[in-house]
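The sequence and the coordinates follow.

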Amino acid sequence: MACLTLCVCALSGPVKADNLAQMLYDVYDNNPDIRAEEAARDIKKAQSKEARAALFPKVNATLSQNYEENKLKSGGYSRLRTSQYGLSASQRLFNGFQTRNNILRSKYEEKSAHYKVRNRERQILLEAVKAYMDVYAARKMIKLRRRHLDTMLKQRRATKARIRAGELTKTDLSKTDALIYRARASLEGAQADLGGAAGRYESLVGYRPGDLIYPQMPVRFMPKDADEAVKKALRMHPDLRASRANTKASEYAVKAAKGAFLPTLDLTGETTRTFASSHSEPNKQESSVGLRLSLPLFDGGTRLAGVQKARAEHNQRTHLTNALTARIKADASEQFLRNKASQAKLKQAKAEVRAARELLKGIRIEEKAGQRSFLDILDAEVALLDAQELEIYSQADSVIALYSFLASTGQLTVSGARRADLQYSPEATAAIAKAQQLDAAYRQKGKKIGRRTSNDPWSGLR
């Protein structure tokens, strides 16, 4: 399989991706929302290390210097300088398993933070796919509508010539003029759509869109039916896995709160050495080791309130997980069906384009034979334009629907890339070949091609 993930850079300006897989890598590298979620994950990692630190002993070193001066009755002064050095250590042996439960709670909170990063990645990548297809569709629409406008302008010149020849009337010219105004308005609308889509693209990726090709469809990851899609979503969706981890963390938080009712046992040790400047005060060294057992008897209900609060939070997270599970099941099933519907709509749009093109061809022949009017040709051209626009929108919707399904099951990620069997159109094949030629030309000049390359044509699924 040829290397399809190519990124051609110009002599000046930022690197621009030519395909969806490369663009998704760049989104993951550049998007600040994902970076912010990763920073939140690092906070949870630090908190987990802080919880594990409670297992180790606490060791402190002390140093003190005392200077004492007394005035004697004889008029002289008595001066005493004392130096003291000490080392103390304490180790908590038992605290009602609070340390253990707090460590497990922080572990699951860290795991939840990891899945939240993946979930944010999933959301941002899906937005990037939509922006990619919006730019692609808007550019295709501009080319189509500009070509239609050129056709209408040529048609207007031909109509005037036929009016002078007596073949047509001003009614035909008025219809042509109306279609020209419609084509110009549609072209302006497509250009506005492109401006908005390019802005969204840049905000997500970090640079303006380059020459985009039609993305390759990772159909290998589509399940056979909706039930299999639901099972995959329940197993892989990062938001659900984060919620489950939070529920587990709240369970250990309840156990840690209950441990506050149990006694606490500490092992302590201390050694100090004192040096005095006076011979009347001898140097001395003291050492001690002890066990301390404490059992709180009454604290005004603070510990009981802590247990009730932890239980309430656990119940809340349990219900949130159940609700999220139901939503994810419904969303996975819905996106699976929407993907099937979008594929059927794309086939319908292609069939309508073929039929409209054949119809226009036949009406032109019939018009020359006197069996059709010139207005029938104009109506057929409008019908062909509408069918071609529907095909462009259907192509974009089919890609978005497929990737929306992948996102609904938690498969849309660049964190775990692997190969996929791909289906792509001849148009995409030609665009890829063009990109390969540009890539080879730049390499011969010694130019650096992109920041990241991959032998995997689709690197967005795990």
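In this predicted model, helices α3 and α6 are roughly antiparallel to each other, because their axes cross at roughly 165° and an angle over 145 degrees counts as such. Helix α3 covers residues 98-164 and helix α6 covers residues 238-258, and the two axes come within 8 Å. The crossing in which α3 passes α6 is left-handed. Sorted by class, the residues of this contact comprise 10 nonpolar, six polar and 10 charged ones.

Helix α3 also packs with α8, where the axes come within 9 Å and the crossing angle is roughly 175°. That angle makes α3 roughly antiparallel to α8 as well. The contact of α3 with α8 has 18 nonpolar, eight polar and seven charged residues. The table sets out the two contacts.

The next topic is the nonpolar interior. In soluble globular proteins, nonpolar side chains tend to be buried together. The largest nonpolar core of the model holds 58 residues. Within this core, the residues with the most contacts are Met 23, Leu 24, Tyr 132, Met 133, Tyr 201 and Tyr 403. Two or more residues of the core come from each of α1 (20-30), α3, α4 (170-205), α5 (226-236) and α8 (374-408). The greatest contribution is that of α3, which supplies 16 residues.

Four of them make up an open sheet in the order β1-β2-β3-β4, with antiparallel pairing. At the edges are β1 (58-71) and β4 (284-294), each of which pairs on one side only. From one strand to the next, the twist averages 15°.

Strand β3 (residues 264-276) runs antiparallel to β4, and 11 bridges join the two. Along this pairing, Gly 269 stands opposite Val 289 of β4, and Thr 272 has Glu 286 in β4 as its bridge partner. Of the 11 residues of β4, zero are buried, so this strand lies largely in the open.

Thr 272 itself belongs to β3. Its relative accessible area is 14%, and Thr 272 is therefore buried, the cut-off being under 20%. Thr 272 and Ser 88 are separated by 184 residues in sequence, yet their C-alpha atoms are 8.5 Å apart in space.

Phe 97 is placed in the loop between β2 (77-94) and α3. The phi angle of Phe 97 is near 60°, a positive value in a residue other than glycine. With a relative accessible area of 49%, Phe 97 is partly exposed, because that class lies between the limits of 20% and 50%.

Technical notes
Residues numbered from 1 in each chain as written. Predicted model: local features only at pLDDT ≥ 70, side-chain atom pairs only at ≥ 80, totals over all residues. Heavy atoms only, no water. Axes fitted to C-alpha atoms, helices over the stretch in contact; angles between N-to-C directions. Helix = DSSP H or I, 4+ residues; strand = E, 2+ residues; numbered from the N terminus. Parallel < 35°, antiparallel > 145°, perpendicular 65-115°, else oblique. Left-handed = near helix turned anticlockwise from the far one by under 90°. Nonpolar A, V, L, I, M, F, W, Y, C, P; charged D, E, K, R; others polar. Core = buried A, V, L, I, M, F, W, Y, C linked by side-chain atoms within 4.5 Å. Buried < 20%, exposed > 50% of the residue type's maximum accessible area, 1.4 Å probe, protein only. Pairing = 2+ DSSP bridges.
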